[in-house]
Amino acid sequence: MTTASVAAEPAATNAALEADGLSRRFGDVLAVDGVDLRIQPGAVFGLLGPDGAGKSTLIRMLATVLRPSAGDARVHGCSVTRQPGRVTPRIGYMSQRFALYPDLSVEENIEFFATLRGVPATGRRERMLALLRGMGLDDFLDRQAGRLSGGMKQKLFLAVTLMHAPDVLLLDEPTTGVDPVSRREFWRILAGLHRQGTTVLVATPYMDEAERCTDVAFLDGGRVRHRGSPAEIKALVPGVLFEVRASDPRAALAALRSLPGLLAVHLYGDVVRVLCESDAPHAVGVRLAEAGLDGQVRRTPVDMETAFAFLAELGRGGDSSGSATGGKAS
Amino acid sequence: MIGDAQSRRRVRLLMWKEFLQLRRDPLLIRLLFVMPILQLVLFGYVVAADVKNLSTAVVDLDATSTSRALEAHFTASDYFNVTEHPSEDGVQQLMDTSRIAIAIVIPAGTQAALDRGETAPIGVVVDGSDSQVASVGSGYAAQVIARFNAERMANSGVVVAAPGIDARVRVMFNPTLAAVNTMIPGLVAAIVMISIMAVMGQAVVKERERGTLEQMFVTPIKPVEYLIGKVTPYALLATAQLLLVAGVGVFWFKVPFAGQISVVAAGLGLFMLTSIGLGLLISLVSHTRQQAQQLMMLLLLPSFVLSGFIFPIDSMPAAIQPLSWFIPLTWAIEILRGAFIKGSGFEALSTQFWVLGVFAVVIFGAAIAATRRRLAE
């Protein structure tokens with residue numbers, strides 16, 4: 001697979017974020033295994049992958065709070081290992097867990113971290129109010145942070161990390177455990193930052209959020225398995241995808257396993273998704289009829305969720321063509 | 001390292017934040033001031049209190065003027081409260097149910113024996129389940145009987161040799177004054193240790209648990225700044241606590257203060273550094289607050305038992321005694337007791353100051369080194 005728009009020319013020193021062979025070992029576990037990344041300024045880069053894939057470890061190394069076991073990374077050319085003091089002023093880091101003081105108010109939390117980071121006193125309050133207004137938090141200045149709802153906490157956390165106007169935002173699953181409405185709201189704010197030119201690296205377990213990114217990388221077992229724009233990722237899926245709605249989805253799944261020209265078949269909720277070599281919905285219908293089942297067969301576009309499910313299966317099936325260009329053997 | 005204005009601003013900011021958080025936790029503040037007072041009252045009144053008003057039974061099998069006079073001597077004493085007059089068989093039952101702590105049995109024929117000029121045995125039965133009551137109670141009983149004897153002989157015209165024995169025995173068995181006087185200086189040191197370690201031990205691990213420590217790493221704050229900003233508020237708090245305890249000790253319990261303030265201040269300063277260092281070390285090696293709490297108990301318990309705070313070191317088995325040398329509280333208590341009671345100065349306490357000084361430097365130094373390492377990770 002190619003890494004088209006993400007991997008620019010080798011001499012891309014103007015990249016916002018670069019990682020070279022970045023690795024981290026915890027005891028016997030290699031949590032991040034030789035990750036190379038090159039993220040252009042202004043990108044919204046989605047870091048996808050299941051729990052335990054190494055997303056948090058990777059982000060913590062980029063944020064300078066965890067030392068790599070091997071390799072290095074640079075933020076706008078500054079090394080996270082050798083020049084952490086020059087990296088931190090340019091980044092905003094939101095850890096996976098809400099990491100503000102629950103017993104301090106919204107305003108006090110912002111004041112504390114902004115002062116600590118040396119944000120000049122003049123214009124600080126205006127900036128705070130503008131940020132909070134943009135997030136709908138301007139009525140809660142005196143509310144203790146621990147008494148905010150989950151979605152509001154995350155927005156406050158984002159506001160705290162934005163006070164010093166960072167060029168690069170590192171967000172570790174900022175919307176996990178947040179209700180759908182607040183998630184949409186959070187992404188609306190991220191879209192606004194994207195328009196202003198901020199580079200965003202966001203880890204997420206939600207595939208629907210991946211669609212909103214300009215580029216994504218799929219991390220599994222500490223390695224980058226796939227990367228590219230969402231369209232490129234989806235284009236990696238070969239063949240044609242059909243959705244089958246049958247009265248007995250499990251029987252349909254079993255029957256379709258013997259379909260000629262089958263690439264992969266999955267049960268997705270109560271819908272069977274079939275990936276075929278050729279555009280032959282008829283063949284699918286015939287196979288169902290042979291098994292004494294009836295169902296509707298419909299051609300459907302590949303979405304990110306399906307793409308990764310199929311790519312993961314192809315990878316496991318020994319077909320290495322679709323996997324692991326990002327992971328370097330360690 | 002703490003030179004420039006930016007750095008000082010960050011330290012002040014951290015201190016402001018700690019005080020703000022303390023103020024938001026009124027329970028903690030109250031605990032920090034109620035706890036030492038409560039301990040003082042407990043130790044001052046309960047533990048060190050004299051044995052008084054022992055419930056007493058008198059079994060008068062003689063029923064003569066002599067036996068009644070003897071009973072009157074017990075009744076007149078502050079130490080005995082004659083509440084029961086059982087039969088001889090009833091004593092066991094009363095003692096089993098803890099209604100009496102001591103019983104005086106006056107056998108029949110006591111007056112007759114005395115009149116004949118013979119020695120008359122008196123039975124004193126003591127509840128041995130409380131060793132202090134047993135030893136003190138029987139001692140007092142012996143005194144009362146001795147006084148009775150002396151009076152009887154005086155009345156009969158026999159010259160009696162100095163009855164001063166009475167007073168000497170009583171001082172030995174009456175720990176009231178001495179106990180409070182040695183307890184308060186020890187308590188001042190113990191409270192410094194408990195409160196500093198309790199709060200410092202939680203301080204860093206709490207921020208680690210909440211993730212705010214990690215958030216701190218992406219700011220320009222340096223480990224030393226973090227340490228100073230974090231430690232100063234609690235050191236001030238501990239100072240307020242110990243002033244309170246010392247004040248209550250001197251003005252309420254009338255503990256005489258014979259020494260120099262500078263000796264006490266120097267001793268407490270060194271001991272505070274040691275305690276802060278221990279608390280920080282606990283906080284840095286613990287990953288959860290529960291771990292920190294357990295570790296703190298692990299350090300506090302031997303400190304209290306082996307330092308001479310409650311039990312005198314001299315009365316410990318010889319093999320155990322050297323252990324007390326490795327406990328900073330031992331030396332802090334020696335300095336404070338010396339300064340409070342004996343008015344000892346720096347020369348008299350130089351060994352103790354040296355040892356405590358070494359503890360302070362080593363432990364606080366280790367804590368700073370550990371902070372640099374753990375915070376950098």
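The entries below go from chain A as a whole to some of its helices and loops, and then to helix pairs in chain B.

**Entry 1: ground rules and chain A overall**

I kept in mind that this is a predicted model. I started with chain A and counted 11 helices and 14 strands in it. Along the principal axes, the C-alpha atoms of chain A fill a box of roughly 75 × 45 × 35 Å. Of the 330 residues in chain A, 53% are buried. I also checked the sequence range of the contacts in chain A: taking pairs at least 6 apart in sequence, 71% join residues at least 24 apart.

**Entry 2: α5 and α6 of chain A**

Next I wanted a helix pair. At what angle do the axes of α5(A) and α6(A) cross? I got roughly 15°, with the axes coming within 9 Å. Angles under 35 degrees count as roughly parallel, so that is what α5(A) and α6(A) are to each other. The crossing of α5(A) past α6(A) is right-handed.

I listed who meets whom. From α5(A) come A:Gly151, A:Gln154, A:Lys155, A:Leu158 and A:Leu162. From α6(A) come A:Ser182, A:Glu185, A:Phe186, A:Ile189, A:Leu190 and A:Leu193. By class, this contact has six nonpolar, three polar and two charged residues.

**Entry 3: A:Lys155**

I stayed with A:Lys155, which sits in helix α5 (residues 150-162) of chain A. Is A:Lys155 buried or exposed? A:Lys155 has a relative accessible area of 11%, and the cut-off for buried is under 20%, so A:Lys155 is buried. Leaving out residues up to four places away in sequence, I found A:Lys155 touching A:Met135, A:Leu137, A:Glu185, A:Phe186 and A:Ile189. Of these, A:Glu185, A:Phe186 and A:Ile189 are in α6(A). I also took a C-alpha distance: A:Lys155 and A:Thr175 are 20 residues apart along the chain and separated by 9.7 Å.

**Entry 4: positive phi in chain A**

Then I looked at backbone angles. A:Glu173 is not a glycine, but its phi is positive, about 45°. A:Glu173 lies in the loop between β7 (168-172) and α6 (180-195) of chain A. With a relative accessible area of 5%, A:Glu173 is buried.

A:Thr64 also has a positive phi, about 70°, and is not a glycine. I placed A:Thr64 in the loop between α1 (55-62) and β4 (70-75) of chain A. A:Thr64 is buried too, at a relative accessible area of 16%.

Which residues of helix α9 (residues 249-256) of chain A are buried? I found A:Pro249, A:Ala252, A:Leu253, A:Ala255 and A:Leu256. They cover an arc of only 165° around the axis, so they are on the same side of α9(A). An α-helix has 3.6 residues a turn, so residues three or four places apart point the same way. The exposed residues A:Arg250 and A:Ala254 are on the face of α9(A) turned away from the buried side. I then asked what the buried residues of α9(A) pack against, and got β11 (240-246), β12 (262-268), β13 (271-276) and α10 (281-290) of chain A.

**Entry 5: α1 and α10 of chain B**

Over to chain B. Helix α1 (residues 5-23) and helix α10 (residues 223-251) of chain B pack at about 45°, and their axes are 8 Å apart. That makes α1(B) and α10(B) oblique to each other, and their crossing is right-handed. By class, I have 11 nonpolar, three polar and five charged residues in this contact. The residues on the α1(B) side include B:Arg10, B:Leu14 and B:Phe19, and those on the α10(B) side include B:Tyr226, B:Lys230 and B:Leu237.

**Entry 6: α11 and α12 of chain B**

Last pair. The axes of helix α11 (residues 261-285) and helix α12 (residues 289-306) of chain B come within 9 Å and cross at roughly 140°. Only angles over 145 count as roughly antiparallel, so α11(B) and α12(B) go down as oblique. I noted a right-handed crossing here as well. B:Leu278, B:Ile282 and B:Val285 in α11(B) meet B:Gln291, B:Ala292, B:Leu295, B:Met296 and B:Leu299 in α12(B). By class, that contact has seven nonpolar, one polar and no charged residues.

Technical notes
Residues numbered from 1 in each chain as written. Chains lettered and ligands numbered in written order. Predicted model: local features only at pLDDT ≥ 70, side-chain atom pairs only at ≥ 80, totals over all residues. Heavy atoms only, no water. Axes fitted to C-alpha atoms, helices over the stretch in contact; angles between N-to-C directions. Helix = DSSP H or I, 4+ residues; strand = E, 2+ residues; numbered from the N terminus. Parallel < 35°, antiparallel > 145°, perpendicular 65-115°, else oblique. Left-handed = near helix turned anticlockwise from the far one by under 90°. Contact = heavy atoms within 4.5 Å. Nonpolar A, V, L, I, M, F, W, Y, C, P; charged D, E, K, R; others polar. Buried < 20%, exposed > 50% of the residue type's maximum accessible area, 1.4 Å probe, protein only. Arc of directions from axis to C-beta.
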